[in-house]
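Work through the following exercises with the sequence and the model side by side, trying each task before reading its solution.

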Amino acid sequence: MRCPHCHYKNTKVLDSRPIEEGRSIRRRRECESCDFRFTTFERIEEVPLIVVKKEGTREEYSRDKLMRGLIRACEKRPVALEQLENIAVDIETELRNRGTSEVQSDDIGEMVMDRLADVDEVAYVRFASVYRQFKDISVFLDELKDLIRNDKND
């Protein structure tokens, strides 16, 4: 691994630890020439997962995009970033375990809503309002009634 600071070709690994439930490795490295320290990540190269959008277009799955949506839904809510990362990893694992290279965006949205409903109801409603594109307040109220009804059944 080349040093990003001086471009020397030899670095030593100071620390390695698994992350993302053992699917990746985080390595702390040090340049043998200039002693610059930096972090690298190693992960299995997986077959691309394609998301089929509502209008039929296709794009590569992006965990970063999923995380941005989760963070936006949980803005100013008492939800730890680690919880959101776990949701994203869990969803991606479930999608990849299906064994198909394409997944419907609706499936991802439903998976997110299922998990957010268990974590934070306000975040769930925020995400649902964008995901389901509520046209008016009555649709929004119906969603809230369903959420309340499900809470009472749990």
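**Exercise 1.** In which sense do strand β4 (residues 50-52) and β5 pair, and over how many bridges?

Solution. The model is a predicted one, in which local features need pLDDT of at least 70 and side-chain atom pairs count only at pLDDT 80 or more, while totals for chains, interfaces and linings use all residues. Residues are numbered from 1 along each chain as its sequence is written, and side-chain values use heavy atoms, with hydrogens and water left out. Strands here are DSSP runs of E with at least two residues, numbered from the N terminus, and two strands pair if DSSP finds at least two bridges between them. On that basis β4 and β5 are antiparallel, joined over three bridges, and Ile 50 has Glu 60 of β5 as its bridge partner.

**Exercise 2.** Trace the pairing of β2 with strand β1 and with strand β3.

Solution. Begin with β1 (residues 11-19), which pairs with β2 (residues 24-31) in the antiparallel sense over eight bridges; Ser 16 is bridged to Arg 27 of β2. In this hairpin, with four residues between the strands, Glu 20 takes a positive phi near 50°. Next, β2 and β3 (residues 37-43) are also antiparallel, over seven bridges, and Arg 29 has Phe 38 of β3 as its bridge partner. Their hairpin has five residues between the strands, and Asp 35 in the turn has a positive phi of about 65°.
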